[in-house]
Amino acid sequence: MIPTFEAVNPVKIIFGSGTFARLDSVLSEAAVRSTVIVTLPYFLSQAEELLKKNKIYSGIFCGIRENPQLADTEKLIDQIRKSDAGAVVAIGGGSVIDGAKFAAALKFADGGAEDYFLRKKPFPARRIPLIAVPTTAGTGSEVTQVSVINRGKEKVTLNDPAFRPYAAIVDSLFTHSLPPKITAITGLDALAHALESVWSKNRTPLTDLYAAESARLIARHLETVLNRPNDADARDGMSYASLLAGLAFAVTKTAAVHACSYPLAELYGLPHGEACALTLSGFIKINNDDRLEKISREAGLGSSAGLAEFVEKIKHKAGLTTSLSGAFPPSLITDAEKHPLSANNPVPVTAELLIELFNSLK
Ligand code: NAD
């Protein structure tokens, strides 16, 4: 029997190389008259082209840094309000998309953004549409209702329907310029989403389909994009894998790898995906079962041991962190253990399990 399940993902998805050209029509379909483009310095000239070409684009905001800061989003909210923008187009990685999601949700907010960041108030029902155009293949943020915002070193994962983009335009041409290290970090983040969805307590038959296909595509394409950054077929495969993993974990949520990644990122200053990659092969071994063996075989990696080796190989090849130097602070264990996502792991996440795992990384 197929288990009962629910599935909701209202984000319009436009996938494919070259589909960014459809942005204008997506905006007219949403009856938008004025739009702020949020992007990173690397894509500034492309954003300026849009501004010259069509009056629907009213301005550019280029001030969302990596690990988006609350203060940056407040400046964006200001620009959205002053220009009375009716939509936001976010062209960037997870940081830009998350910052833009938060700001688009707060155009009509009553009071300061901090109250919403601290979850003192519910997000307003009225918001403006966000069109997400990912330039990394990793977070899946373009289809999730998650926005990760930081205040200094404090990282808060906000999960609210207010953050669902109106549309996602997933055009892998944007990812060709990703340097190898960021390609590896984001690719392993996507793999962590796929695998954590596979072993999540909330998995459904549909999320299993998305996640297994995502893992298969990553096993096939991640090394290729490290060797040949302009391989269009492999970049496309990675963008699709990231999208599928996003669709899967948007339903299932992630688990212990992500629970550990938050204190790891904070204590060791690691980017999100690199912090996830640090414990990923450890949890492949801890959470191993027949389903993971089957997915690993179908991904062409032989077994789950082959899957764990694949993760390590990518980390070494791209020069990612593979070990922790010195004694780790006790807060690493307590913060990972008590993180709500640990409860979504199939194997109980105890202090003993975590100590053994982190000792194995020394
Ligand atoms: P990122 O957005 O932080 O970008 C990493 C770096 O890559 C930046 O320096 C950026 O300028 C650069 N970059 C991005 N695209 C580029 C391109 N095409 N060419 C050249 N350089 C490029 O990285 P990310 O991994 O995409 O996002 C990480 C953030 O997303 C973290 O804050 C994480 O917590 C969050 N996240 C959110 C979700 C979600 O569902 N909302 C899921 C996972 C992670």
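Student: Why does Asn67 count as partly exposed?

Tutor: Buried means under 20% relative accessible area, exposed over 50%, and partly exposed is in between (1.4 Å probe, protein chains only). Asn67 has 32% relative accessibility, so it counts as partly exposed. A word on the source: this is a predicted model, where local features need pLDDT of at least 70 and side-chain atom pairs count only at pLDDT 80 or more, while totals for chains, interfaces and linings use all residues. Residues are numbered from 1 along each chain as its sequence is written, and side-chain values use heavy atoms, with hydrogens and water left out.

Student: What is the phi of Asn67, and where is the place of this residue?

Tutor: Phi of Asn67 is near 50 degrees, a positive value in a residue other than glycine. Most residues other than glycine have a negative phi. Asn67 sits in the loop between strand E3 (57-61) and helix H3 (70-82); helices (H or I, at least four residues) and strands (E, at least two) are DSSP runs, numbered from the N terminus.

Student: What makes Asp84 exposed?

Tutor: Its relative accessible area: Asp84 has 53%, so it is exposed. Asp84 also has a positive phi, about 50 degrees, although it is not a glycine, and its place is the loop between H3 and strand E4 (87-92).

Student: And why is Pro329 called partly exposed?

Tutor: Pro329 has a relative accessible area of 26%, so partly exposed is the word. Pro329 belongs to the loop between helix H12 (304-318) and H13.

Student: How do you know that the buried residues of H13 line one face of the helix?

Tutor: In H13 (residues 330-338), Leu332, Ile333 and Ala336 are buried. Seen down the helix axis, the buried residues of H13 fall within an arc of 95 degrees, so they line one face. That arc is taken from the directions from the helix axis to the C-beta atoms. On the face turned away from the buried side, H13 carries the exposed residues Pro330 and Lys338.

Student: What makes the ligand lie between the domains?

Tutor: Domain 1 (12-174) and domain 2 (180-359) both give residues to the shell around the ligand, so it lies between them. The domain bounds come from an automatic or database domain assignment.
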